[in-house]
Amino acid sequence: MLGHAMRSSGVWTYGVVNLGHILGVATLFGAVLVLDLRLLGLWRTVPLPSIAGPTVPVATTGFVIAAFTGVALLATKATEYAGNPFLLIKFPAIAVALLNVAVVTSRPAWKHMGRPDQVAGDRRTLAVAGAVSLAAWLTAIGAGRMIGYW
Amino acid sequence: MQTRRSVSMTLAAFVMAVLPAAAHHGWSGNSQEEFELTGTVEQAVSLAGPHATMKVRAQGQVWEITLAPPPRTQAAGLNEKAIPVGAEVKIHGHRNSDPKRFEVKTERVTWNGKTFNVYPDRD
């Protein structure tokens, strides 16, 4: 049904939805990059809650936009993408990134991020999460961009 | 240490992703040589997706005909109803450089004395 809507609603539909996908990815990655670099140890003078506060909801919004538009793009010609190897890199990378979010946000290191008694172990936990996040999202975006060039 | 390792992992993933990049958007995955094909329309023009497409049966194969992006294809007069299924058409363009793939990135489609020039700025 979605695929049919994508195919029969005018010649600009794919381009406009593709634009939405890019804006969603840009919103997601822009916010994620700032947060991950802070988790990795940049801008230590800025308290982590001051950075996590705005970046988390912005990244979440970007992800939701990218997910909805992405499904619509895939549905346009679902069968054509079935054998595309870059999808097999992209979707596991997104799964790793989301799993990383679930894991880190359940850790005490994240829950107590504002406290002055943060120990080195907490900082290390958060830095690892930031590194995994950057690697996973860059892989997902890199593979995603290559889908059209296969 | 963790940071350095993940940076190199990211770079490795990028290199792996970029290396086998072939055609679809560009012309680099297609042969330089001009290619012509005459056959019958198997599936009418579709103006959906990143590029308009159609299918043509020729030389005992069904060929994927990749056209210009949908707005440009439509501007050349080529839409879903322009050529009926079963009509004999001539395709001019560049064949996929993989000889196992029957795909032509197409510059012109000729049918019934009419030429649909979807890439008028190319030979």
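## Basis of the model

Because the model is predicted, local features need pLDDT of at least 70 and side-chain atom pairs count only at pLDDT 80 or more, while totals for chains, interfaces and linings use all residues. Residues are numbered from 1 along each chain as its sequence is written, and chains are lettered from A and ligands numbered from 1 in the order in which they are written.

## Make-up of the two chains

Chain A contains 7 helices and 0 strands, where helices (H or I, at least four residues) and strands (E, at least two) are DSSP runs numbered from the N terminus. Along the sequence its pattern is α-α-α-α-α-α-α. Taken along the principal axes, the C-alpha atoms of chain A fill a box of roughly 60 × 25 × 25 Å. Of its 150 residues, 31% count as buried. A residue is buried if 20 or more other C-beta atoms lie within 10 Å of its own, exposed if 12 or fewer, and partly exposed in between, with C-beta atoms placed from the backbone.

Chain B has 2 helices and 6 strands. Its pattern, read along the sequence, is α-β-β-β-α-β-β-β. Buried residues account for 33% of the 123 residues in chain B.

## Helix packing in chain A

Two packed helices are described by the angle between their axes and the distance between the axes. Here the axes are lines fitted to C-alpha atoms, for helices over the stretch in contact, and angles run from 0 to 180 degrees between N-to-C directions. Helix H2 (residues 13-39) and helix H3 (residues 48-76) of chain A pack at an angle of about 155°, with axes 7 Å apart. H2(A) and H3(A) are therefore roughly antiparallel to each other; angles under 35 degrees count as roughly parallel, over 145 as roughly antiparallel, 65 to 115 as roughly perpendicular and the rest as oblique. The crossing of H2(A) and H3(A) is left-handed, a term used if the near helix is turned anticlockwise from the far one by less than a right angle, with right-handed used if clockwise. Residues of the contact between H2(A) and H3(A) divide into 19 nonpolar, 11 polar and 1 charged. In this count Ala, Val, Leu, Ile, Met, Phe, Trp, Tyr, Cys and Pro are nonpolar, Asp, Glu, Lys and Arg are charged, and the others, Gly among them, are polar.

H2(A) also packs with H7(A), at an angle of about 150° and with axes 8 Å apart. That makes H2(A) roughly antiparallel to H7(A), and the crossing of H2(A) and H7(A) is left-handed. For H5(A) and H7(A) the angle is about 155° and the axes are 8 Å apart. H5(A) is thus roughly antiparallel to H7(A), and the crossing of H5(A) and H7(A) is left-handed.

## Nonpolar core

The largest nonpolar core has 30 residues; such a core is a set of buried Ala, Val, Leu, Ile, Met, Phe, Trp, Tyr and Cys residues joined through C-beta atoms within 7 Å. The residues with the most contacts inside this core are A:Leu28, A:Val32, A:Ala93, A:Ala136, A:Trp137 and A:Ala140. The elements giving two or more residues to the core are H2, H3, helix H5 (85-106) and helix H7 (120-146) of chain A. H7(A) provides the largest share, 13 residues.

## Loop residues

Most residues other than glycine have a negative phi. A:Trp43, in the loop between H2 and H3 of chain A, has a positive phi near 50°. With 13 C-beta neighbours inside 10 Å, A:Trp43 counts as partly exposed. Just after H2(A), A:Gly41 takes a positive phi of about 120°. In chain B, B:Asn112 has a positive phi of about 55° although it is not a glycine. B:Asn112 lies in the loop between strand S5 (103-111) and strand S6 (114-117) of chain B, and it counts as exposed with 9 C-beta neighbours inside 10 Å.

B:Gly77 is in the loop between helix H2 (70-75) and strand S4 (88-95) of chain B. B:Gly77 and B:Phe116 are 39 residues apart in sequence and 6.4 Å apart in space, C-alpha to C-alpha.
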